[in-house]
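Please consider the structure shown below, with attention to its pockets and then to its helices.

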Amino acid sequence: MASFVSHVTVDSSDPYALSEWWKQVLGYQDVPGDPNLPGHEECMIVDPDGKGVDVLFIEVPEAKTVKNRVHLDLRPRADLRDVEIERVKGLGATVVNDHRGIYGPGSGWVTFADPEGNEFCVLRSRAELAAAEEAAE
């Protein structure tokens with residue numbers, strides 16, 4: 001037998017605020033019938049299509065002090081990578097590193113930090129990957 005990932009848990013100082021921010025980034029929602037509220041110690045958000053991994057934000061007393069050992073890699077659902085990068089910046093994400101073009105034109109990703117400093121990356125969309133594969137053939 002093997003296991004599967006039930007959800008990803010993110011330590012935070014304010015689970016509600018961070019879950020609200022990530023709902024905008026991911027297009028997720030609260031668990032139906034179990035809304036997240038200010039002051040909740042645990043806030044779960046879920047993909048409304050049921051295809052993505054759930055994300056649980058839990059309150060912890062200590063602040064983030066070192067680089068993440070695990071982070072989320074995001075792939076745009078519909079838009080191109082660079083459009084999604086600008087959207088995420090507009091929501092308040094901070095650019096940590098811009099790795100676009102490191103393997104040639106159109107390649108790479110951007111590493112961001114969320115409002116509590118948790119790092120995540122925005123990758124190319126599936127359409128961009130398919131176009132790059134076609135061009136290579």
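The lining of the largest pocket comprises 13 nonpolar, four polar and nine charged residues. The model is a predicted one, and this pocket has a computed volume of about 730 Å³. Of the 26 residues that line the largest pocket, Leu-26, Tyr-28, Leu-74, Arg-75 and Arg-77 lie nearest its centre. Four elements, α1, β5 (72-74), α2 and α3, each contribute at least two residues to this lining. The greatest contribution to the lining of the largest pocket is that of β5, which supplies three residues.

The second largest pocket holds about 560 Å³ of space. Its lining consists of 25 residues, and those nearest the centre are Val-10, Asp-11, Lys-64, Asn-68 and Asn-118. Two or more residues of this lining come from each of β1 (7-12) and β8. Strand β1 provides the largest share, five residues. Divided by class, the residues that line the second largest pocket are ten nonpolar, seven polar and eight charged.

The account now turns to the helices. Helix α1 covers residues 15-26, and its end C-alpha atoms are 16 Å apart. Within α1, the buried residues are Pro-15, Leu-18, Ser-19, Trp-21, Trp-22, Lys-23, Val-25 and Leu-26. Leu-26 is also among the residues that lie nearest the centre of the largest pocket. Just after α1, Gly-27 adopts a positive phi of about 70 degrees.

Helix α2 spans residues 81-90, and its buried residues are Arg-81, Glu-84, Ile-85 and Val-88. These residues lie on the same side of α2, because they cover an arc of only 105 degrees around the axis. An α-helix has 3.6 residues a turn, so residues three or four places apart point the same way. Which elements do the buried residues of α2 pack against? Their partners are α1, β7 (110-113), β8 (119-122) and α3 (126-136). Just after α2, Gly-92 takes a positive phi of about 110 degrees.

The helices and the pockets may finally be considered together. Helices α1 and α3, against which the buried residues of α2 pack, each supply at least two residues of the lining of the largest pocket, as does α2. Strand β8 is likewise packed against by the buried residues of α2, and β8 gives two or more residues to the lining of the second largest pocket.

Note on methods
Residues are numbered from 1 along each chain as its sequence is written. This is a predicted model: local features need pLDDT of at least 70, side-chain atom pairs count only at pLDDT 80 or more; totals for chains, interfaces and linings use all residues. Side-chain values use heavy atoms; hydrogens and water are left out. The expected span of a helix is 1.5 Å times one less than its number of residues. Buried means under 20% relative accessible area, exposed over 50%, partly exposed in between (1.4 Å probe, protein chains only). The arc is that of the directions from the helix axis to the C-beta atoms. Contact means heavy atoms within 4.5 Å. On a 1 Å grid over the protein atoms alone, a cavity is a set of points where a 1.4 Å probe fits but cannot get out, and a pocket is an open set with protein on both sides within 12 Å along at least five of seven lines; lining residues have an atom within 4 Å of a point. Grid points are joined across faces, edges and corners, and a volume is the space filled by probe spheres set on the points. Ala, Val, Leu, Ile, Met, Phe, Trp, Tyr, Cys and Pro count as nonpolar, Asp, Glu, Lys and Arg as charged, and the others, Gly among them, as polar.
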